[in-house]
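Here is a short note for someone opening this model for the first time. Please read the points in order, with the structure in view.

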Amino acid sequence: MACWKKIRSSSWIYPTLVLCVYGFFSLMRPSEPFLTPYLTGPDKNLTIDEVTNQILPVWTYSYLALLFPVFLITDYMRYKPIIILQGLSFIITWLMLLFVQGVLAMQLMEFFFGMVTATEVAYYAYIYSVVSVDHYQKVTSYCRSITLAATTVAAVFGQLLVSLAELSYFYLNAISLASLSLALLASFFLPMPKHSMFFHKNRISETPQGATDQDTMSKATSINEQPSCQEDKDTAKSSVLSRTLPECQSDKHQHHMLVQLCKDLKECYSTKKLLYWSLWWALATAGYNQIVNYVQVLWDYRAPAKNNNVYNGAVEAAATFLSSVTSLAVGYVKINWDLLGELALGIFSALNAGSLFLMHFTTNIWICYASYLVFKSCYMLLITIATFQIAVNLSMERYALMFGFNNFVALVIQTIITVVVVDSRGLGLKIVTQVSVKDCLCE
């Protein structure tokens with residue numbers, strides 16, 4: 001009991017602990033590596049073309065529509081309400097996965113999953129509003145590590161249940177729903193931040209000296225004598241004015257913040273180095289998101305789940321582990337990234353492109369799995385280098401702004417690819433052709 005009181009009284013341990021609990025259970029989803037086999041299996045009985053060309057594209061569209069307003073609302077509402085909203089969106093998504101049928105229902109499910117993805121920014125930004133700068137590095141490592149651990153554990157757990165216990169995909173989704181319910185419960189215990197990065201900055205309130213002196217004299221007068229009627233009127237006017245002034249100042253501050261965000265964004269992209277790295281970030285992230293979103297469809301095409309053992313969970317666990325190793329290695333390799341960063345970018349981007357072309361041409365599922373491992377590991381390595389190159393000369397506010405805008409540009413590119421290449425109202429290409437097209441466009 002005394003230990004728990006100590007944790008609650010700590011300025012950073014309690015919110016970090018609760019956020020990590022939320023992060024772990026929100027990503028403890030053993031059913032996710034098996035989404036496509038579940039949708040095309042007897043539980044939902046959808047065709048592979050319906051999943052590829054009609055259902056999965058909705059996630060991209062909803063994510064794009066929600067990302068920018070959610071980004072602003074998240075900061076304005078100080079993160080916690082948006083984390084709760086994400087938890088509710090998770091619950092709705094998995095309830096629909098379990099209990100509703102048909103293409104239209106699955107499209108609506110993808111819309112709510114787009115809400116989940118758009119609100120993800122609140123999870124990573126929340127902790128910086130409740131802890132001091134001295135603890136940033138420590139809490140960042142905890143929050144990032146718990147997400148990697150949860151993803152790996154969920155993938156391994158799901159694979160073991162499918163391969164050894166022969167558990168149906170329906171019950172995997174039920175386990176995911178139970179985990180997400182615990183995550184939603186944990187979100188209510190998060191402390192409400194008192195400030196945020198943009199709209200509610202931690203500003204020292206300044207009270208005019210005259211007002212302070214006037215309050216002091218007013219108190220002295222109230223002790224020695226009763227105020228006159230005129231003094232009562234003056235006090236009433238002063239009270240109304242004091243309530244109105246902060247509201248006006250708040251509106252002006254919000255408008256000023258939006259203008260300042262635009263100016264900061266323009267200044268950030270005026271540097272050629274940041275512009276080049278941001279351009280690569282947007283293109284590579286668009287390609288990465290497309291591949292990750294549709295790779296299960298490709299695996300099912302190469303080795304249909306109805307006729308073969310499915311090892312999606314094991315592959316995702318291995319990919320997550322290798323990605324964390326490559327990202328961690330960047331911090332320990334003693335290289336002048338300013339000098340060799342672009343060379344590494346070229347080499348590993350070429351390796352990524354080669355792995356995607358191999359996924360396109362091979363008919364062997366194991367080579368397809370191995371190519372995916374190379375692709376995801378190389379991307380995580382390069383995105384870590386890009387993050388460092390962009391963040392090294394920027395304040396945290398400007399880095400957050402560039403991070404959000406780069407992801408927005410990536411999502412726009414991803415949406416264009418989806419509309420033209422994937423959507424049934426566009427070209428509606430087969431999954432194998434899609435891989436090569438995405439490779440050419442984004443690598």
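**Notes on the helices and aromatic pairs**

1. Tyr-63 counts as buried, at 12% relative accessibility. Buried means under 20% relative accessible area, exposed means over 50%, and partly exposed lies in between (1.4 Å probe, protein chains only). Trp-59 is buried too, with a relative accessible area of 8%.

2. Some ground rules. This is a predicted model, in which local features need pLDDT of at least 70 and side-chain atom pairs count only at pLDDT 80 or more, while totals for chains, interfaces and linings use all residues. Residues are numbered from 1 along each chain as its sequence is written, and side-chain values use heavy atoms, with hydrogens and water left out.

3. The overall picture. The chain has 17 helices and zero strands. Both are DSSP runs, numbered from the N terminus: helices are H or I with at least four residues, strands are E with at least two. Of the 443 residues, 45% count as buried. Take the contacts between residues at least 6 apart in sequence: 83% of them join residues at least 24 apart. Contact means heavy atoms within 4.5 Å.

4. Back to Trp-59 and Tyr-63. Both lie in helix H4 (residues 48-76), four residues apart, about one turn of the helix. The count for the chain comes to 18 aromatic pairs. Rings of Phe, Tyr and Trp (its six-membered ring) pair if their centres lie within 6.5 Å; planes under 30 degrees apart count as stacked, over 60 as edge-to-face and the rest as tilted. Trp-59 and Tyr-63 form a tilted pair, 5.3 Å centre to centre with 40° between the planes.

5. Trp-299 and Tyr-372 form an edge-to-face pair: 5.2 Å centre to centre, 90° between the planes. This pair links distant parts of the chain, with Trp-299 in helix H12 (residues 272-302) and Tyr-372 in helix H15 (residues 365-391), 73 residues apart. Trp-299 and Tyr-372 are both buried.

6. How do H2 and H5 cross? The axes of H2 (residues 13-27) and H5 (residues 80-99) come within 12 Å and cross at roughly 20°. That makes H2 roughly parallel to H5. Axes are lines fitted to C-alpha atoms, for helices over the stretch in contact, and angles run from 0 to 180 degrees between N-to-C directions. Under 35 degrees counts as roughly parallel, over 145 as roughly antiparallel, 65 to 115 as roughly perpendicular and the rest as oblique. Leu-19, Tyr-22 and Ser-26 of H2 meet Ile-83, Gln-86, Gly-87 and Phe-90 of H5.

7. H5 also packs with helix H6 (residues 103-118), at an angle of about 160° and with the axes 8 Å apart. That makes H5 roughly antiparallel to H6. The H5 side of the contact includes Gln-86 and Phe-90; the H6 side includes Phe-112 and Phe-113.

8. Phe-405 is found in helix H16 (residues 396-422). Phe-405 counts as partly exposed, at 34% relative accessibility. In sequence, Phe-405 and Phe-68 are 337 residues apart; in space, they are 8.7 Å apart, C-alpha to C-alpha.
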